[in-house]
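Hi there,

Here is the structure I promised to pass on.

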Amino acid sequence: VCAYHGWTYDTDGRLCGLALPQGYERPPAETGGGLASGPRVDAYRGFVFASLAAQGPTLADFLGPLRASFDDFVERAPEGAVEVAGGVFKHAYRGNWKLVLENHNDTVHPAFVHASSIWAAREQPAGEGTYSEIGVRQMLQNGAPWDVWENTGLWVAGYGHSWMGDYHDDRRLVAALDHPAFAEYRAALERRLGREGATRVLGERRFNSIVYPNCSFMSQFRQLRIVYPIAVDRTVVQAYSFRLKGAPEGVLRDTIAFSNVVNGTGSPILTDDLEVYERTQTGHGARRSDWVFL
């Protein structure tokens, strides 16, 4: 339903109702009042993509090797499917949309940008078993030694896609071997994939995967972000959490807790990044070079 004048559309875009139809000389339905369809729509593992171009690469060709990241995401669900759950975090920053995508697969900045949150985590570690513990552990991981970052691994595919290996060695954030919810989750996953299959899926270590130009997700942490360019110097990001169907509720709670730490507007990590995006944008305004090659 359109929030402005109440026109109502079916899920296929057809106009199926409107307020005050007598106010129109001819019924809008007769004049093509429905919504336009995208020239091409396709889906992979339940994720729907649309193209405004009638011609071009197929979705499979466009995603290329990045399909493995979506496979990793969905295969982690005991029922082999995921769904959006737990709400959405929204934030904006005064900077270009490419800044956040560059940041997501940058392994140099954490030690500098997040120095204050790393320090805070080292000064006041949270108690075991609390959800704030997830935040402290994530911030400590940002202070990993340089050799960890050097060996993390970065991969770039066609069409601008990329993904980064995972740098966590934390049992709560990654394997959660001693977490009661994880034991229940692994048992459910083994019922579908068997012990070897579950070990293979849980052994895949990816952090950010980027579907260029505006999607970034973490299959291992069940997070997906959509980047919306508003202007050359204004960007909005929406971050979604996902439920692994068939997994215990505790897994979703950990997912949302991790999203609070990484994607929430009160996050000690996100706020660091937003500050740097805006300072970088200001720097780009200096008339020294017309081009910046990232």
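Which residue takes a positive phi in the hairpin of strand 3 and strand 4? Keep in mind, before you go looking, that this is a predicted model. The residue is Arg45, with a phi near 50°, and the hairpin has two residues between its strands. Strand 3 covers residues 40-44 and strand 4 covers residues 47-51; the two run antiparallel and are joined by five bridges.

Seven strands make it up, in the order 5-11-10-9-8-7-6, and the pairing is antiparallel. At its edges you'll find strand 5 (82-93) and strand 6 (154-156). Each of these has a single partner strand, so one side of each has no neighbour in the sheet. On average, and ignoring direction, neighbouring strands here are turned by 15° against each other. As a reminder from class, strands of a sheet pair through backbone hydrogen bonds, either parallel or antiparallel.

Inside that sheet, have a look at strand 10 (residues 223-231) and strand 11 (residues 234-244), an antiparallel pair joined by eight bridges. One spot to check is Pro229, whose bridge partner in strand 11 is Thr235.

Now for helix 5 (residues 115-123). Which of its residues are buried? They are Ser117, Ile118 and Ala121. Looking down the axis of helix 5, you'll see these buried residues fall within an arc of 105°, so they line one face of the helix. The general idea is that an α-helix has 3.6 residues a turn, so residues three or four places apart point the same way. Turned away from the buried side of helix 5 is a face with the exposed residues Trp119, Arg122 and Glu123.

Phe112 belongs to helix 4 (residues 110-113). Is Phe112 buried or exposed? Its relative accessible area is 57%, and exposed means over 50%, so Phe112 counts as exposed.

Last one: Gly264, in the loop between helix 10 (249-262) and helix 11 (270-284). Its relative accessible area is 2%, and the cut-off for buried is under 20%, so Gly264 is buried. Try the distance tool on Gly264 and Asp233: they are 31 residues apart along the chain, and their C-alpha atoms are separated by 21 Å.

Terms used:
Residues numbered from 1 in each chain as written. Predicted model: local features only at pLDDT ≥ 70, side-chain atom pairs only at ≥ 80, totals over all residues. Heavy atoms only, no water. Helix = DSSP H or I, 4+ residues; strand = E, 2+ residues; numbered from the N terminus. Buried < 20%, exposed > 50% of the residue type's maximum accessible area, 1.4 Å probe, protein only. Arc of directions from axis to C-beta. Pairing = 2+ DSSP bridges. Axes fitted to C-alpha atoms, helices over the stretch in contact; angles between N-to-C directions.
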